[in-house]
Every structure is written in C-alpha cells, then in structure tokens.
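Please keep the sequence and the structure in view while reading.

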Amino acid sequence: MGRYKPIIGLEIHVQLSTRTKAFCNCPADVFELEPNTAICPVCTGQPGALPVPSLEMFELGVKLATALNCKINEYSRFDRKNYFYPDLPKGYQITQFFYPLAEYGWLMVNGKKIRIRRIHLEEDAGKLLHAGDSITEAEYSLVDMNRCGIPLAEIVTEPDIESPEEARIFMEKLRTILRYIGVSSGDMEKGALRCDANISVVDTETGRQSNKVEVKNMNSFKFVEKALEYEFERIVNLMEKGEPVERETRGWNLSTKTTVSMRSKEEAHDYRYFPEPDIPPVILSREFIENVQKSIGELPDQRVERFVREYALSEKEANILVEDKAIADFFEDVVKRTNDPKETANWFLTEYFRLIGEHGTEKLKVTAETFVELFELIKKGTISRNMAKEIFQESSLSGKSPKLIVEEKGLKQIDDVGELEKIVVRVLEANPQQVEAFKKGKEGLFSFFVGQVMKETKGKANPKTVTEILNKHLRGS
Ligand SMILES: [Zn+2]
C-alpha cells in the first residue's frame, strides 16, 4: 500500500429466516410471490393495526449476535423512523435506534479483529417500482408491499476494514456463519444479504482524511470489492488534485463498472424518530438468551480448529472444507466410514471440488459409499490411482458404484507377474535400439519402456510390478 490508505466500514442487512414477518403473521419468504399477495393491515401500516414482535426474530437475532461475539442487551426498544424516500411506501419503518439488540462484537478476518458496533432488528420497508429508467422521469410507480415487515438484522461495523479485499472476505465469512447457524439464507442475489459500505481515505504523509462516501447497490461479493476499489481510486485522484471529496451516497453501476452519485448524504437528524407507540419495550430474560445460545452449535471457526486437531489437517485445508456446511457435514460422514481423514481430505480438495466446479453440487451423485469402495479398490491394488480418478468422475456423474464400473469396463489392474512379464519382453523386443541406448547409459529411457507397457495394457498394468520386471530385464536386478 502506498501513501493513501482506505478506511472502510460496513452496514449489512441480513434477512432473518423466520417463518412470519417481524410484527404480523404474513409469510416472510416472499421472493417468488406475486406483488401484494403477502400483506395485511399490520405490515402495511394501516391505522389501528397492532404490531406484535415475533419471538423467532429475537431468537435468530440473539443467535447472530452471539456468533458475532456481541454483548446482548436485555432491554431493547423499537422506534418509528420517519422519512421521505421513494423506497418507503409505508411512510415509516420500525427499527431499533436508541436501544439495539446487541453491541460491541467482533469477527476475526485473516487473524484480525473487525469490531462490530451494533446489531439492531428492524423491518424491511418494502419497495416501489418506477416505470422506465429513472425515478425522476417515471410516468408512474408501482407499489409492492410484500417486503414490508420482513425481519432484518442490521450489522454495523466499526471502520476497521483496511482494504476492499478485506471487505469482501468479511462478507464471505459472515455468510458462512449465517448459514451455519441457520439465521439467514445469506443469498445476496435474492436480497437476503445486502451491504452498504462507507469509505474515506487517509493521506498517511499529511494525516489528512477525506470525507466519507457511502456506496450502495453492491449485490455480490465481487462487486463489494470492485466498487470499493473504484471508489478508493476516485477519492485518491481527487485528493491528489486538491479537489474536494463530497460527502454523498453513490451507487455501483454494473454496466459501466463505476460508482455514480445518487444523493448527498442525509444526516441522522434528517430522520424523525419517536418511540413506536404500539410496541412496548422488549425485555429478554437471561434464561431466554442462554437457552438460545445453547442451541447455536458449532461455529465455522470452531470447526476449523477441530478439523486441524482431530483429523490432522492443515488450517488451510480445514478452512476450505468447512466453508460450506453441507460439504463439511458430508466430509465428516465420509471420514467416519473410511477412517482415513487425510486421504479423504485429499480426494475432497482435489477431485471432488474439481467436479463441483465443473458440474455443480446438484448434479453430482457422490455418496459416502463411493469413497469407501474407491478406497478399497485402491488399497487392494485392483485399480491404479490414475484409474481411480477416472472411475470417481464417472461414478459421481452416473451414480454407478465404482466396483460396478470396474467390472463393466474390465478395468482391473493387471498385477499378474507372468502376464506382465510377457508384455515387457514383447516391448523390449520391439525396441532394440532403445534397449541398446539404455544399456549404454541413457537412463532416461526407463520411463519410455514403462510408457510402452502402459500403452499395451491400456493403462491397466500395475506400475510397481512393471518397474520390477523392467529392472530385472534391463539391469539384471
Ligand atoms: Zn402482515
């Protein structure tokens, strides 16, 4: 890093996987529903309707806050946040502003602690669809209240993030945790995980710091990194030219790969907060909090530690295996049956992940039994390692058992000394010049002979036996 250093903080909205919305009984999963089909007087803010906070929202909130090492407040309270903005059909949003659910947490990213300032619960505000390309020129707008009242947890970090890459890794790690503890699907493309970032830049020579710019609309991990990289460069450019950096909100534009100004930054005092009159303060008992905490289960970092300890894997290997919970569970299931963690990890990290990359997890028909059979075939010397890779691939795609594939294709490794001896003799007789050159000292030709035998046997010869026979004939040993 050169003279300029970015200072980045994140504001992340996590959609909690509750059954119902935050304050009513409408379904919370509205992703594929027709507009305005999952609404009621409560979530649309009709006069006289009474919101009742969902207990499940608090359970998931406490889980999340615990996983992020936060202090959980037994007393929390909802406020109404009133503002005028074209994404707010209901006119106000119920959110915890003065008394959030949790505070003072942290998440380790690459051995560094990123502090979490607060986690508060709130409802999604819904959305308006504007006809045409822009809000200002739209002839009409369509209202969809389905998302009104969907429970969210907003996570606010301290500005501890020191590079766009670190911001991306933070988000990836957060998503892994969300999925592990079952708090959210974490699907960015479905809007279940959304991220705004604020970035300012420090000139390390003069100590001067730019204004803060907020970047919105980053709907993938890659875009978080790209948008922040772009914004860092833009701010540095302005600073070098001595031009002012506006305090504003900018959006990431996917087609131009740039950020564009959306509006000047509103201040907190642009909002009007007052206590939500229909929801009394929420008091969580110690007992409730502790019970929820007991149900969290193993977190990704703990699992990595355990994999290193129990299976003697490197931290890097463990990290890759743990990242996706379903894969990590499957890995453990296989290890239980093969009793060979190191070898199982090797197959996962190379062949299995390669197949996932090429075909996607859904298409693969790998079971624990696939590995068990494959390992047996290798150990017995029935198939070579190279054959095993091919058989694994075929078995994964077709669902056929490795044993069956070996039988059907006649892939058994040729280990019969007498049979191989005949083939070796044939190969040596067919290549008299090479044999002579070898005997005169051209040692490199040894692998040529091995290769010829392999060709003759279509790769089925046991390489160890072939080497022994060749040694006998060529070196007399
Ligand atoms: Zn409702």
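Donors are N, O and S atoms within 2.8 Å of the metal (3.2 Å for Na, K and Ca), and water is not among the atoms, so sites may look incomplete. Four donors count as tetrahedral if all angles lie between 85 and 135 degrees. The model is predicted: local features need pLDDT of at least 70 and side-chain atom pairs count only at pLDDT 80 or more, while totals for chains, interfaces and linings use all residues. Residues are numbered from 1 along each chain as its sequence is written, and side-chain values use heavy atoms, with hydrogens and water left out.

**Zinc site**

- The zinc ion has as its protein donors the SG atoms of C24, C26, C40 and C43, at 2.3 to 2.4 Å.
- The arrangement is tetrahedral because the 4 donor atoms subtend angles of 102 to 113° around the zinc ion.
- For four tetrahedral donors, the ideal angle at a metal is 109.5 degrees.
- Along the chain, the donors of the zinc ion are spaced as C-x1-C-x13-C-x2-C.
- C43 is buried, at 3% relative accessible area (buried means under 20%, exposed over 50% and partly exposed in between, with a 1.4 Å probe and protein chains only).
- C40 has 21% relative accessibility and therefore counts as partly exposed.

**Salt bridges between separate elements**

- The whole structure contains 43 salt bridges, each a side-chain nitrogen of Lys or Arg within 4 Å of a carboxyl oxygen of Asp or Glu.
- K342 and E317 form a salt bridge with an N to O distance of 3.6 Å.
- This pair joins distant parts of the chain, 25 residues apart: K342 is in helix α8 (residues 341–359) and E317 in helix α6 (residues 315–322); helices are DSSP runs (H or I, at least four residues) numbered from the N terminus.
- K342 is partly exposed at 40% relative accessibility, whereas E317 is buried at 18%.
- In the salt bridge of E456 with R426, the closest N and O atoms are 3.1 Å apart.
- Because E456 lies in helix α14 (residues 446–456) and R426 in helix α12 (residues 417–430), the pair ties together parts that are 30 residues apart in sequence.
- R475 and E443 meet through their side chains in a salt bridge of 2.6 Å, N to O.

**Salt-bridge network**

- A network of salt bridges links E298, R303, R306, E310, K325, D329 and E332.

Conventions. Tetrahedral: all angles 85-135°; square planar, octahedral: opposite > 155°, others 65-115°. Helix = DSSP H or I, 4+ residues; strand = E, 2+ residues; numbered from the N terminus.
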